[in-house]
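Q: I would like to learn how to read features off a protein model. Can you take me through one?

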Amino acid sequence: MLPQRREIANVVVCEDDTPTLELLCDNLVADRFGVLPAPTASDALRLCRYKQPDLMLLDLTLPDASGLDVLQEIRESDGVVSRFNPSLPVIVLSGRGSDEERLRGLEFGADDYVVKPYPYAELRARITAVLRRVEQHRGGPLRVGEIVVDPGRRRVWVGGHEVHLSKKEFALLRVLATDPHRVFSKRELLGEVWGFRAPTKTRTLDSHASRLRRKLDPEQARFIVNCWGIGYRLLDG
């Protein structure tokens, strides 16, 4: 009996250029991913609604709608009536690579932003990193330098000393700890921690980040880094 193929994850590949779509799907299949090709925005939304994928690769230039509209539709869904998973990991693939375009993609809720043309090996590594971060977000203790975050027991230690956090402070730290080298946009964090699905001018994220910074390191206020104009990241040392 032949061994059964075990796929790493199911990926919606939304790309309107047929040769690029086919090549990307072929490479992903060779790397043991299940692929769901989507040449249009409507195809991508249909597959996300009914197939419950683990991740989506999303081109921004599509024949029937903007990729950002697709991303916004998913991020603003309630996860029940719409049947979209609002937390679906999404990696944007775009030929537009300016700082403004990258920031716009992250603010709309992209987990990563890859500029075309890109080496497939780099994209494969980014897919792995995003999936690993999602798995860590669901799983056991996370260690980032001196910081240990235990989601199961909702406890945090810095340098071996326990730090007591509020529920929202803990949730914010947990998200940042899933990928300490990445800058999380304010919109992402407001969605993940507070459930906001639309842009807002609230200062609650900044105030919580400030308190969290002081609690983790009262003397030097390290660890929580404010990346002005974008969001926050976790300093791992």
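A: Start with a term. A polar contact is a pair of N or O atoms within 3.5 Å; within protein, one must be able to donate a hydrogen and the other to accept it. Keep in mind that this is a predicted model.

Q: Which backbone oxygen does the side chain of arginine 75 reach?
A: The backbone oxygen of leucine 88, at 2.9 Å. The arginine 75 side chain also has a polar contact with the side chain of aspartate 111, at 3.0 Å.

Q: Where is arginine 75 found, and is it buried or exposed?
A: Arginine 75 belongs to helix α3. Buried means under 20% relative accessible area. Arginine 75 has 9%, so it is buried.

Q: What about aspartate 43: buried or exposed?
A: Apply that cut-off again. Aspartate 43 has a relative accessible area of 18%, so it counts as buried. Aspartate 43 is in helix α2, residues 41-50. Its side chain is joined to that of arginine 46 by a polar contact of 3.3 Å.

Q: What follows α7, and what is its phi?
A: Glycine 195 comes after α7, with a positive phi near 80°.

Q: How should I read backbone angles in general?
A: Most residues other than glycine have a negative phi, and most peptide bonds are trans. Look for the exceptions. Arginine 32 has a positive phi, near 70°. Arginine 32 lies in the loop between α1 (18-30) and β2 (34-38). Its relative accessibility is 41%, so arginine 32 counts as partly exposed.

Q: What is phi of alanine 221, and where is this residue found?
A: Phi of alanine 221 is positive, near 55°. Alanine 221 sits in the loop between α8 and β11 (224-227). At 34% relative accessibility, alanine 221 is partly exposed.

Q: Which residues does a cis peptide bond join?
A: Lysine 116 and proline 117, with omega about -10°. Proline 117 is in the loop between β5 (112-115) and α5 (120-138).

Q: Is histidine 164 buried or exposed?
A: Exposed means over 50% relative accessible area. Histidine 164 has 61%, so it is exposed. Histidine 164 is in the loop between β9 (161-163) and α6. Its C-alpha atom is 29 Å from that of glycine 229, which is 65 residues away along the chain.

Q: What do the values for the protein chain say about its overall form?
A: Count the elements: 8 helices and 12 strands. Then check the radius of gyration. A compact globule of 237 residues would be near 18 Å, and the protein chain has 19 Å, which agrees. The C-alpha atoms fill a box of roughly 55 × 50 × 35 Å along the principal axes. Buried residues make up 46% of the 237 residues.

Methods. Residues are numbered from 1 along each chain as its sequence is written. Side-chain values use heavy atoms; hydrogens and water are left out. Helices (H or I, at least four residues) and strands (E, at least two) are DSSP runs, numbered from the N terminus. The radius of gyration is taken over C-alpha atoms; the globule rule is 2.2 Å times the number of residues to the power 0.38. Buried means under 20% relative accessible area, exposed over 50%, partly exposed in between (1.4 Å probe, protein chains only).
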